[in-house]
Amino acid sequence: MSAQNSVLFDAPGPRARQRNIVYTVFTVLLAVVGLAVLYLGFNRTLADREGPLFSAATWAVNPDGQWAAEKWEPFLRPDTWTGYVIPGLQNTLTAALTASVLAVLFGLVFGIGRMSERWWIRVPAGAVVEFFRGIPLLMLIFFTMALPIVAWQAFDIPTGTFQVTALAAVVTGLTLYNGSVLAEVFRAGILAVPKGQAEAAQAVGMTRTQTMWQILIPQAITAMMPAIVAQLVVLLKDSALGYIVAFPELLRSFTLLATRESNVIPAAIICAVIYIVINLALSRVAIWLERRNARRGRSSARPTAVGGAPVGVDATGTADGAAAAEAAPEEPDGGGGRKQP
């Protein structure tokens, strides 16, 4: 065990290692039993078996169960992907991407608004953020869909004057809820930046707005990138709530497919795999951005010579220009003394 790991936790002793082995074996056995129960339950041979539990007939694939080949066969047909999966995936990505952009803008504006020095900006911004954070996302979607009815009852506007589509309702709900959460994320990130950054910017004559947009916000976004991406992943998964308002997103498409083909479990597994792949891709993008920002943060200014030209750095880390300046002989000045080069 390395010295770095040893300072993080105490190395387990002989008895602790034995307990860890027992816990590991017990956990593996529970996982195997759980998977076996799921397999037999969806295979329809756990309660309806005629032979013993460990017989070959019990563990064989039941043609009437969810693991039968014909239950998975629809996913090998092109019309399944072109008629159900791809359109649902397009609608999910459209709603998620649109809501992500709007939620980031919403969170940035109201997060900065909560930090304003003017109370007539700070108080309403805080009220909006707390209001939409406290309302369930499903209620926001339902309320957006009911706007024509509200306008008719409250303002006597005919219900046919305007309509709210399912996409608009889902995007609005996702934007308001996740934007309110991101507002707190941005505010926490800005407050986490050392105060010396703002004080130094104001000392060189930058205004508060310039300090916020050029100094604080870039550092806050870099520091809070994992939290921002985690909230965007939540937003992507919450787009499945569009199923309630008949929005043809990915989950609804798989539900319709499972109803037609009677393959609920295969459809659920394929749908979950697609969601996992999208979320993993989004996480990889976040890791790439974080590493890219870290590489930028490690770069430093190159030393310059007296004339302003950049000089290199040798293998020992000493600037060539500095070494040359130390090795250069002193030139006599006009008064018979020596002057530095």
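**View 1. A nonpolar surface patch built from Leu138, Phe142, Tyr243, Ile244 and Leu251.** The patch covers about 400 Å². Patch residues have over 30% relative accessible area and no salt bridge, and nonpolar side chains (Val, Leu, Ile, Met, Phe, Trp, Tyr) are joined within 5 Å. A salt bridge puts a side-chain nitrogen of Lys or Arg within 4 Å of a carboxyl oxygen of Asp or Glu. Areas are Shrake-Rupley values with a 1.4 Å probe. Leu138 sits in helix α7 (residues 137-145); helices are DSSP runs (H or I, at least four residues). Leu138 is partly exposed because its relative accessibility is 31% (buried is under 20%, exposed over 50%, partly exposed in between). The model is predicted: local features need pLDDT of at least 70, side-chain atom pairs pLDDT 80 or more, while totals for chains, interfaces and linings use all residues. Numbering starts from 1 along each chain, and side-chain values use heavy atoms, without hydrogens or water.

**View 2. The largest nonpolar core, with 46 residues.** A core joins buried Ala, Val, Leu, Ile, Met, Phe, Trp, Tyr and Cys residues through side-chain atoms within 4.5 Å. Ile190, Ile228, Phe254 and Ile274 have the most contacts inside this core. Helices supplying at least two residues each include α5 (78-113), α9 (166-192) and α14 (264-298). The largest share, nine residues, comes from α9.

**View 3. Surroundings of Ile190.** Leaving out residues up to four places away in sequence, Ile190 touches Ile112, Met115, Met212, Leu216, Ile217 and Ala220 (contact: heavy atoms within 4.5 Å). A second, separate core has five residues, among them Phe132 and Leu176.

Key:
Patches are made of residues with over 30% relative accessible area and no salt bridge: like charges are joined within 9 Å, nonpolar side chains (Val, Leu, Ile, Met, Phe, Trp, Tyr) within 5 Å. Buried means under 20% relative accessible area, exposed over 50%, partly exposed in between (1.4 Å probe, protein chains only).
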